[in-house]
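The notes follow the order in which I checked things.

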Amino acid sequence: MPSAEHPLGRQEITCHKATTLPQALELRAQHKGCTVIAGGTDVMVDLEMGLRTPQHLVDVWGVEELRGVRKHGNRLWIGAVTSYTDIIRSTEAQAEAPALVEAARTVGALQIQNRGTLGGNLGNASPAGDTLPVLLALDAVVEVASRLRGSRFVPVDQFFVGYRRIRLEADELITGVWLPGRHDNDHTHYRKVGTRAAQAISKVVLAGRLRIRDHVVQEARVAFGSMAAVPTRCAAVEEALVGRPVDPAAAAQLPRDLAPIDDVRSTGVYRLRVGQNLVRAWLESLR
Amino acid sequence: MTIGQGVHRADGRSKVTGHALYVDDLQPPGCLYGATVRSPHAHAEVLSITRDPDFDWTDITLVTAADIPGRNCVFLMTEDQPALAAERVLHVEEPVALVAAPSRERAALAAKHVVVEYRELTPLFDAGSAEGNDSVIFAPDNVFKRIRIDKGDPSQVSAGRVIEGTYTTGLHEQLYIECQGMLAMPRDDGGLTITGSLQCPYYITKAIGKLLGPDYEAPGRINVVQACTGGGFGGKEEYPSMVAAHAALLALATGKPVKLIYKRDEDLRATTKRHPCAIRIRTRVDDAGHLLSFECDMVVDGGAYNTLTPVVLSRAVIHATGPYRCKHVRIDGRAVATNTPPNGAFRGFGAPQAHFAAERHMDRIARELCMDPVVLRRRNLLVDGDLSATGQEMLDVGAAQVLDAALAAAESEPPALPDLPGGGLGVTRQLRGRGVSLVFHGCGFTGNGEAALKGKVALELVDGQVRILTGSTDIGQGTRTVFPQIVAQELDLSLDQVLVVEPDTAQVPDSGPTVASRTAMVVGGVCQQAAKKLADALALEVGRDAPFAELLAERTSDMPLRVEHVYADDGSLTWDPDTYQGDAYPTYGWNCNVVDLTVDLETGAVLYQRLVTATDIGRALNPVLASGQIEGGALQGLGWATQEEVVLDDARRMRNDRLTNYIIPTSLDAPELHTVLVEIPYEGGPFGAKGLGEIPLDGPAAAVAQAIEQAAGAVLDALPMTPERVLEALP
Amino acid sequence: MKLAFTLNGQPVEAEAPPAARLLDLLRETLGVTGSKEGCGEGECGACSVLIEGRSVCSCLVPAAQAHGADIVTIEGLHGPDGALHPVQQAFLDHGAAQCGICTPGFVVTAAELMDRGGKWTRADIREALAGNLCRCTGYQKIIDAVAEVLDAER
C-alpha cells in the first residue's frame, strides 16, 4: 500500500477522455475491464461506497455525437449520452414516448437528471432503473458498437442477462436506444412507487403498453422494475390480456411471473400486492 | 419597535452568500484528520487492540483507552459512558480506538487496519425484558430512571367503561444536514481550543473536564467555540461531547490540530436517536367521553448508556395525559438499558412519543363511543384553573384557542390535490382524510431546573455597540437575531448597534444549554434583565437618567461597561422531584395540527396536501423566525409519521445508513404549511414570549394517524406508518 | 492530472487525481468552501454547483470533467454591481435560511431555474428543488422565496 495517498484520494484511477465515438471505442478496446463514465451519477456513488474499484475510466461525457433525441422516419433515436433533462425537454420525446419522459422526471431529482444518462441507466442495469421497464414496454432496441465489429442491435428484453449484467462485450459501448414511434392505438402507462415523492429509489416501477383496436387488445406489454434481479416483462399477465377486451383480472397472473424479495427498502409481500394493484388499476382505467 | 418584526437574520447574508464558516470549512495549517474505530458487536469483551503489521503506520497516530491521560469518561449526568471502550463494549458502533493521519483518506484507511480482538457476549435487545435482567448493562437493574405520578386514585374509579390501547414509536434520526464535526487545536499557552458543530459549548467543557488529565482540569485550560452549526435539533446537544473528546485526545497525542468530521454513514449509525417508546394506556370514560381515570405504563429504551435518558422519561411522563383534564391519574414510567447505541435528545424529548400515544388513545375512545374525535377533545380540554396530572394549576391555557384557530384556517380553503410525476393521478384510487391533534409543551427546564442552572448573560458596551455574551447558540433558530431584538427593544437602540458575540467559553458565560424550548423565553428574559442593568449602569456612570441612546452619545469614557445577570425566578413555583408533584414548568405552549392528506389504496402511500398549525407562543418576537421554527418542526413530525424508519440488523446496527435509504421529506413530499401564530402573552417571558422550539414536532404524527383512519379506516398505533403498514391495515 | 477551467468567471488551474470529487477539488485544493458535503452520494444537493449553467452535485463529478468547464459555485453568484443575486435577496427577505448549511445548494439550483425562465407554479418549484434537502425550514419559506423570484402565482 503506497503511503503517500493524494489528499483527495483515488489517485490509482486513470481517466481517459473521448470526444468522438471512434476515440471512445478505441479506448474501450484498449483498456480491458475499464468502467465507462458519462454523468457519473452511478459510477461516482460506487467509487465513494467502495463498490467499484476500477483502474481505468473511459469518459464519454464529451462525445457529442452520442447525445440527442432525433426522429428517423417513424422511429426515435436517443443517444446513450443524452441526459434525463434533455429527454424531458425534447419535444420529439414528449410526442413519441411520453412514458419515457415521465420516467425521466422521476429519476432522482433535478441535479441527477442534469447529469444522468439513458446509456448509464442501461449500462448500470440496476433492477430498479426507472427507464428500463419503459424501454421494455416500448419494445426498444439497444444499439451497441465496438471498434472491431461495428454496430449491433439488441432488443431490450434480451439485454439484461442477470443481476446487473448486460449483453455487452468487454470492448463494446452502448451508443443509443431506438424506439418505435408512437402508435395511435397505443395506451401507455408509467407508475413509480418510490420510497418518497422525489429523489427516490423505486420499490415497484411499472410500465405498460396496450395496443387496442375495436376494443380488443392486440399487443400487451407489462414490465416491472424492482421486482426481480432484472427489469422484467410479465408474460403470464400479457398473455391473459391479448385477444380480448381489457380485463383487469389479468393482474391476478402476476405471481406466476414475479417473486419479489425483501430488502432494506420494502418487502416481497408488499411489492407483489402493490404490483397487482397497479396493473389492475391501470387496466380498470382503460375500460 | 423591533419586537414583533420579521427582521432579517443577523447571520443571513453570510449564509446566503456561502461565507458562513462551518467547522469543516476551517483549514488550519498542518491540520490532521481523525477517524474512529468502532465495535461491530453489540456486547463483547475487548481482548486486544493491535496494528496490522502489513500497513504502513509511519504517519499515523493510534489512541486507545490505555492512552487516555485522565478519566476515561464523557460526563453528562453520570460517569458511565467512556470516551473509548476499555474492557467491554456495550453496543454496536461503540468507539474503541482513534487514529489521526495527514489526510481523511489515510485516516479512514488506517482505521480499517486497526485489529481489535473481541470475545462476543450475549446481547440484551428487548427493552421489555431489560429490567432486572441477569445481563447487567447499567447497574444494578438496567433501569436508568423510574418515575411515578399519582393524582387521585384510579383504582377507586369503577364507573364508565374501560378503554385500553398500546402505542409504540421507534428510533428517529435528527438528520441535521451538516454531520457531526470537531476541530481540536493545541493553544500556544499549552491549553486546548475545541471548535465545532454544537448546541452546548459548556456541556463539552464539563464532559471532558477530567478526560485529558490534571494539566487540563483548571477552568479555561480548554475553551470551546461554536462554529456556524448546520442544524442540531437535539442531536448536537450531547453527542458533540463525544466527538470533542475524541478530537481532543488526538490533538493531545499528536500535538497538532486535528479535525474529526463524520461522513453521513457513520453519523447515522453511531450517533444518538430519539428514544423508542412503548406506552400502554388504560382509561375509564363515561358515555359522553369524559375521562374518569387515566392510567399509563411507559417503557423508554435508553440504549447502553445513561446520557440524558432520565430527563427524556421525565418529560414523557409529565406530558403523558395530553392536554386533557382528569381527576384520577397514575403514570408509571421507566427508562431501561439495552445493548443498543445510546439514545439522546431530539426535539420534543419524550413529549412527541407521549403525545402520539395520548392522541391515538383519544381517537380510540372516539372510535369506541362513535364520537367525533374533535368533539371528544373539546369535552376534555384543560381550561384555566384545572389541575394537571402533577397537580399544577394551569393558567393561560391556550388549548381551545389553538383548536379554534387551526380549524378556522383549515376551513377557509380546500387543499389542492397534488399531481406528482409517476404518481398515476387519474388512475390511482386515493381517499382523502383530515386529522386533528392537540398538544401542549412545557417551556424551559422542569421544576426548579432553571433556578438550578443559573443561566447567565453578560452585556458589554464597547465602542458604542452593545455586545451580548451568552453560551446560548444559534443553530438556525435565530438566537443571534432575537437576542439583539430583545436588547435593542429594551434600550430603544437600532438593531445594528447590538450583536451577539461568537460563543467561545473563554469569552461568554454559561447561559445553560440551547435546549428545552428555553432559549428565547428564559435566556432571552435574562438578556432583557441584563439590558435593564446596563441602562442603570450607564445612567450611574453618566450621572443622570435619560434614554440609553442619549446617554451613549454623552458618554466620555471608552472603557467597556459590563454587566451580568443571572436567571432567578420569583420562587412562586413549587416542585417535588421525588413525587413529581407541583409546578412542572413555569408555562406551557399550546398547539393544534390539522392535516389534510390522501391515502393511495393501491400502495398505502400517504400524500400530504396541507398542514395547518396554530400555536400559542405567547408573543412572536420575530414572526418570520417563529413561523420558520414551526414549519421545520412540523415537517419533521410528518416525516416521523410516515417516512422515517431506522432499519436494524441482528446486532442492532443501522442498515439504512445512507440518505438514499433513511428517508426525510423532500420539497415534493412536503405539503403547504399554513402557520397561525396565537399570542396569549406570558408575563414571565420577554415581552410575553414563551418557548416554541419543540412543540411543533409533538403533534403532527398523531394528526396523520387520525387522518389515515378517517380516510381509509386503517387504524395504526405504531410509528412510522409506512406504506407497507398502511396497506396491511386497510380493512 | 492538470486541470484548467473557469471558476466563478475567473480562469483557474489545479492539480488533482482525475477521479477525485469536484467537491473536494473546490473545498480542499482551492479553498472554495461554500459548497457543502451533506451525504456524499448525490441525495442532499448541499454540494450543488453550476456546470455550463446546470445545477449538478459536485460530489458526483470527477475532477477530470472540470477541465475546460465553466463552473459557478455559490461564491460566484451575485446580482448587478456586486449586489446580492435576486435569489439571495429573496432568501433573506423571506427568512428562507435557518442553519444555512443547505442554503448554497438551494441558491445555486434556484439560480438555474431563474435562468431557464418560463412559467412556474409552486408545484413546479417543489419538483425542481426536490434534489435539495432541508431539515430546518419545512421548505415553506424557500418555496416562497423562489416563487417570488420566478413570479409563480399558485
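I count two residues as in contact if their C-beta atoms, placed from the backbone, lie within 7 Å. The model is predicted, so I looked up the confidence scores too. The model has ipTM 0.98 and pTM 0.98.

**Entry: chain A against chain B**

I began with the contact between chain A and chain B. I found 30 residues of chain A touching 30 residues of chain B. Next I asked which elements of chain A give two or more residues to this side. They are α5 (98–105), β11 (186–194) and α11 (268–286) of chain A. I noted that α11(A) provides the largest share, eight residues. I then sorted the chain A side by class: 13 residues are nonpolar, nine polar and eight charged.

**Entry: chain C against chain B**

I moved to the other contact of chain B. Here 40 residues of chain C meet 44 residues of chain B. On the chain C side, I listed α2 (86–94), α3, α4 (122–128) and α5, each of which supplies at least two residues. By class, I read 19 nonpolar, 13 polar and eight charged residues on that side of chain C.

**Entry: the α3/α5 pair in chain C**

I looked at two of those helices together. In general, two packed helices are described by the angle between their axes and the distance between the axes. At what angle do α3 and α5 of chain C pack? I read about 30° between α3 (residues 103–116) and α5 (residues 140–149), with the axes 10 Å apart. Angles under 35 degrees count as roughly parallel, so α3(C) is roughly parallel to α5(C). I recorded the crossing of α3(C) past α5(C) as right-handed.

I then listed the residues that meet. From α3(C) I have F106(C), A110(C), L113(C) and M114(C); from α5(C), I142(C), V146(C) and V149(C). By class, the contact of α3(C) with α5(C) has seven nonpolar residues, with no polar and no charged ones.

**Entry: domains of chain C**

I checked the domain assignment of chain C, which gives domain 1 (2–75) and domain 2 (80–149). Their C-alpha centres lie 20 Å apart. I found 16 residues of domain 1 of chain C and 13 residues of domain 2 of chain C in the contact. On the domain 1 side, β3 (48–51) and β4 (54–57) of chain C are the elements that give two or more residues. I noted β3(C) as the largest share, with three residues. By class, I read six nonpolar, seven polar and three charged residues on the domain 1 side.

**Entry: domains of chains A and B**

For chain B, the assignment lists domain 1 (23–121 + 180–261), domain 2 (277–445 + 580–729) and domain 3 (449–566). I read 35 Å between the C-alpha centres of domain 2 and domain 3 of chain B. Their contact takes 19 residues from domain 2 of chain B and 20 residues from domain 3 of chain B. I sorted the domain 2 side by class: 10 nonpolar, seven polar and two charged residues.

How values were computed:
Residues are numbered from 1 along each chain as its sequence is written. Chains are lettered from A and ligands numbered from 1 in the order in which they are written. This is a predicted model: local features need pLDDT of at least 70, side-chain atom pairs count only at pLDDT 80 or more; totals for chains, interfaces and linings use all residues. Axes are lines fitted to C-alpha atoms, for helices over the stretch in contact, and angles run from 0 to 180 degrees between N-to-C directions. Helices (H or I, at least four residues) and strands (E, at least two) are DSSP runs, numbered from the N terminus. Angles under 35 degrees count as roughly parallel, over 145 as roughly antiparallel, 65 to 115 as roughly perpendicular and the rest as oblique. A crossing is left-handed if the near helix is turned anticlockwise from the far one by less than a right angle, and right-handed if clockwise. Ala, Val, Leu, Ile, Met, Phe, Trp, Tyr, Cys and Pro count as nonpolar, Asp, Glu, Lys and Arg as charged, and the others, Gly among them, as polar. Domain bounds come from an automatic or database domain assignment.
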